[in-house]
Every structure is written in C-alpha cells, then in structure tokens.
Amino acid sequence: MSLAGSSASGKLNVGAQSEIWTDAGRIYLVMTPSSPRVADVLFGANVASVGRIAELLSADSTTPAAQALAQMSPEATPVLGRLLHEHNLNGLFELLVPSTEDYSFTPGATHPLGSRFSELAEDLINQARQRLDIWREIAVRIPNTDVAFKLSPELPNKTQEKVITADEWRYLSLLDGKTSVAEVITRTGSSAFRVCSALYRLALEDLITEK
C-alpha cells in the first residue's frame, strides 16, 4: 500500500466504496462497505448521543467531530482513540486482502471527523499486515465462521485451574456446539478478528472443541 512513507493529505478511494482519509501521511479514518457508521464507533465512548455525534459529523460543523468530543469529555479521550484505532485497523486489515480494485486519490479532501486521533500510516499498515499473518494461522483451525465449538468437559493435561480473560468468558458463555462463530461475532458485537483469535487460542489449549 503506497500510503506508507507518504506525506499526502486527502482521501484515497479504493474501488467504489472504500476510503482511507489521511493528513500529512497519517491515517485518521478508514471506511469499507462492512465498516460501521462513524457515529456508531464514536458512540461507544459514551460521550454524547448518536444524534449529537451525527451533528458534529455533518458538513455544517465548524469543529472536527473528534476534537469536539475530546473537548466535551477529556476523560474519554483515550477511549475515543482506542475505538478509532481498532476501527481503522479492521478496515486496513480488510483492504490488505488482494483485490483488483482501482485506486484514486483526492488531494486536500477532509472528513468531518478530523485528524485528532491520526496515526502514522506506516505503523497502522504494519499492524494490519501482522493481523493478516495471524489470520492465515487462524484459518487453518477456523476455516470459516460457520464452525461451531463447545466447551471441553475437562481441563487438558490434568490442569487444575485456568485463567480466562473477560473477552474469552463472553465467548465461552455462548459456545454450546450449536452457536456458530458468526453468531458469536454478531451477539457480542466484537470484530471477527477479535473473536476468531480468542477462539483460536482456546482451541490450541484444548479448552474448546469443534462440534
């Protein structure tokens, strides 16, 4: 992806529906057909209503939405940053999959979100590439999201106890041998990468097995 090492500002159009918005070589927003609305991403920080966020994202707003929300609720600034980071990383991860889409660049274009939480393009792209490598490993064990897992009846290798993260607990609570990985993704609202990577770790440790 040619954005790495670039100092361009504007919008990179990928095909007819995907966009990467940049400011001086830093990425601040990635949108693909499967991306959630920007307002819904920002709403996750619990700083304003979806309606108010939509107003800040309108063309009539004089202050970039990310900057305005950070000013409204300074304590939520780290959360806003994390939400946008994960959102953009998921979008880049999706765009790194080889395709025949055409590219075009609109120099100087800006998005109402603003670049308050922009990140170096090269850093973000490298993280997405790392995810792609991990995804290839995951696909060996979870070839598609129709797979259903169930909890193993016993801890493996006579293990007496096992520490489970909060995310893993959420996913484990839904595994009954009938609920597919796709359903776990939908019901938890987590990204496919997050769910599949967690289930992959659990499967490697023999804590869960396929139906």
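Reader: Let's start with the rings, then: how many aromatic pairs does a search of the whole structure find?
Author: The search finds three aromatic pairs, and please keep in mind from the start that this is a predicted model.

Reader: Take Trp135 and Phe193, how are their rings arranged?
Author: Trp135 and Phe193 form a stacked pair, with 6.2 Å from centre to centre and 25° between the planes. The pair links distant parts of the chain, since Trp135 belongs to helix H5 (residues 121–141) and Phe193 to helix H8, 58 residues apart.

Reader: What lies over the face of Phe117?
Author: That is Arg116, which lies at 4.8 Å from the centre of the Phe117 ring.

Reader: OK, changing topic to charges. How many salt bridges are there?
Author: The count comes to nine salt bridges. One of them joins Glu205 to Lys162, where the closest N and O atoms are 2.5 Å apart.

Reader: Where do Glu205 and Lys162 sit along the chain?
Author: Glu205 is in the loop between H8 and strand S8 (208–210), while Lys162 is in the loop between strand S6 (148–151) and helix H6 (166–172), so this pair ties together parts that are 43 residues apart in sequence. As for accessibility, Glu205 counts as partly exposed at 34%, and Lys162 counts as partly exposed at 37%.

Reader: What about Arg52 and Glu55, where are they?
Author: Both residues lie in helix H2 (residues 50–56), and they are three residues apart, which is about one turn of the helix. Arg52 forms a salt bridge with Glu55, with 3.1 Å between the closest N and O atoms. Arg52 is partly exposed, with a relative accessible area of 35%, and Glu55 is partly exposed as well, at 47%.

Reader: Which residue does Glu19 form a salt bridge with?
Author: Its partner is Lys11, and the closest N and O atoms of Glu19 and Lys11 are 3.9 Å apart. Glu19 is partly exposed, with a relative accessible area of 23%, whereas Lys11 counts as buried at 17% relative accessibility.

Reader: And which residues are linked in a network of salt bridges?
Author: Asp167, Arg170 and Arg194 are linked in such a network.

Reader: What is Glu168 in contact with, leaving aside its neighbours within four places in sequence?
Author: With those neighbours set aside, Glu168 is in contact with Val163, Ala198, Arg201 and Leu202. There is also Thr165, whose backbone nitrogen lies 3.0 Å from a polar atom of the Glu168 side chain.

Reader: New topic: what is the phi of Ala24?
Author: Ala24 has a positive phi of about 50°, although it is not a glycine. This deserves a remark because most residues other than glycine have a negative phi. Ala24 is found in the loop between strand S2 (18–23) and S3, and it is partly exposed, with a relative accessible area of 48%.

Reader: And what about the phi of Asn46?
Author: Asn46 is not a glycine either, and its phi is also positive, near 55°. Asn46 lies in the loop between helix H1 (38–43) and H2, and at 68% relative accessibility it counts as exposed.

How values were computed: Residues are numbered from 1 along each chain as its sequence is written. This is a predicted model: local features need pLDDT of at least 70, side-chain atom pairs count only at pLDDT 80 or more; totals for chains, interfaces and linings use all residues. Side-chain values use heavy atoms; hydrogens and water are left out. A salt bridge is a side-chain nitrogen of Lys or Arg within 4 Å of a carboxyl oxygen of Asp or Glu. Buried means under 20% relative accessible area, exposed over 50%, partly exposed in between (1.4 Å probe, protein chains only). Helices (H or I, at least four residues) and strands (E, at least two) are DSSP runs, numbered from the N terminus. Rings of Phe, Tyr and Trp (its six-membered ring) pair if their centres lie within 6.5 Å; planes under 30 degrees apart count as stacked, over 60 as edge-to-face and the rest as tilted. A charge sits over a ring if NZ of Lys or CZ of Arg is within 6 Å of the ring centre and within 35 degrees of the ring normal. A polar contact is a pair of N or O atoms within 3.5 Å; within protein, one must be able to donate a hydrogen and the other to accept it, and residues adjacent in sequence count only if both atoms are side-chain atoms. Contact means heavy atoms within 4.5 Å.
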